[in-house]
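Try each task before you read its solution.

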Amino acid sequence: MLKQRFDLPTLLLWGVRFALGALMIWGGLHKFEAQPAAHEALQRIIEVSQKHPEKTSLMLYIYGMKSSGFAWQLLGLAELIGGILLCLQGTALLGAAVLLPVTLHIFLFHLFLEADEPGEVVMSGLYFLANLLLIGVYYKQWKHLLWIKPWKSKDEKQEVQV
């Protein structure tokens, strides 16, 4: 019979995994919604920039990603795939690895382009810290990737164990 642990740390870990995974899936799906025409988007940027000049760089950054034709959707695809992998038990480590640059990007985006919104900076920082926590929990599974010995000692077996 399959033995499962239902202690508090395990349940909290599952909660963090599913919360971050669901958030990324939701965000990824919204990146594939229809975008406004270029002239409408530029008009909106001009209107907002006149009222809130500090938001100009933020809006131009997002507009640039959306108008590239691929960057916004590529970010959405990474969020979607990483979120799905994170929600599945066997692929949680891979999902956390896929999402690490995404959550770092989200955090840095809010830190540098929305520094006047501390709530956004804190929330995106929590996403990044949650992702780091998940990668840290799986340390024993990936630590061997950090240093692979290119030589063998006389006492070690010559075959590679996986």
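**Exercise 1. Is alanine 41 buried or exposed, and what does it touch?**

Solution. 
- Step 1: Locate the residue. Alanine 41 sits in helix H2. Keep in mind that this is a predicted model.
- Step 2: Apply the cut-off. Buried means under 20% relative accessible area. Alanine 41 has 13% relative accessibility, so alanine 41 counts as buried.
- Step 3: Look for contacts, leaving aside neighbours within four places in sequence. Alanine 41 is then in contact with Pro36 and Tyr63.
- Step 4: Check one of these partners. Tyrosine 63 is 22 residues from alanine 41 along the chain, yet their C-alpha atoms are separated by 7.4 Å.

**Exercise 2. Describe helix H1: its span, its buried residues and what covers them.**

Solution. 
- Step 1: Take the span. H1 covers residues 8-30, which is 23 residues. From first C-alpha to last it reaches 33 Å, close to the 33 Å expected at 1.5 Å a residue.
- Step 2: List the buried residues. They are Thr10, Leu13, Arg17, Leu20, Gly21, Met24, Gly27 and Gly28.
- Step 3: Recall the helix rule. An α-helix has 3.6 residues a turn, so residues three or four places apart point the same way.
- Step 4: Find the cover. Helices H4 (71-87), H5 (92-113) and H6 (118-137) are included in what covers the buried residues of H1.

**Exercise 3. Which residues of the largest nonpolar core touch the most other members?**

Solution. 
- Step 1: Start from the core of 13 residues. Leu20, Met24, Leu86, Ala96, Leu99, Val102 and Leu134 touch the most other members.
- Step 2: Assign the core to helices. H1, H4, H5 and H6 each supply at least two of its residues. H5 gives the largest share, four residues.
- Step 3: Follow one member. Leaving aside its neighbours within four places in sequence, valine 102 is in contact with Met24, Leu75, Ala78 and Glu79.
- Step 4: Look for another core. A second, separate one has five residues, including Ile45, Val48, Met59 and Phe109.

**Exercise 4. What lines the largest pocket?**

Solution. 
- Step 1: Take the volume. The largest pocket holds about 890 Å³ of space.
- Step 2: Count the lining. It has 35 residues, and Lys31, Ile62, Lys66, Trp72 and Phe109 lie nearest the centre of the pocket.
- Step 3: Sort the lining by type. There are 20 nonpolar, eight polar and seven charged residues.
- Step 4: Trace the helices. H1, H2, H3, H4, H5 and H6 each supply at least two lining residues. The largest share, seven residues, comes from H3.

Notes. Residues numbered from 1 in each chain as written. Predicted model: local features only at pLDDT ≥ 70, side-chain atom pairs only at ≥ 80, totals over all residues. Heavy atoms only, no water. Expected span 1.5 Å × (residues − 1). Buried < 20%, exposed > 50% of the residue type's maximum accessible area, 1.4 Å probe, protein only. Contact = heavy atoms within 4.5 Å. 1 Å grid on protein atoms, 1.4 Å probe; cavity = no way out; pocket = protein on both sides within 12 Å on 5 of 7 lines; lining within 4 Å. Points joined across faces, edges and corners; volume = space filled by probe spheres on them. Nonpolar A, V, L, I, M, F, W, Y, C, P; charged D, E, K, R; others polar. Core = buried A, V, L, I, M, F, W, Y, C linked by side-chain atoms within 4.5 Å.
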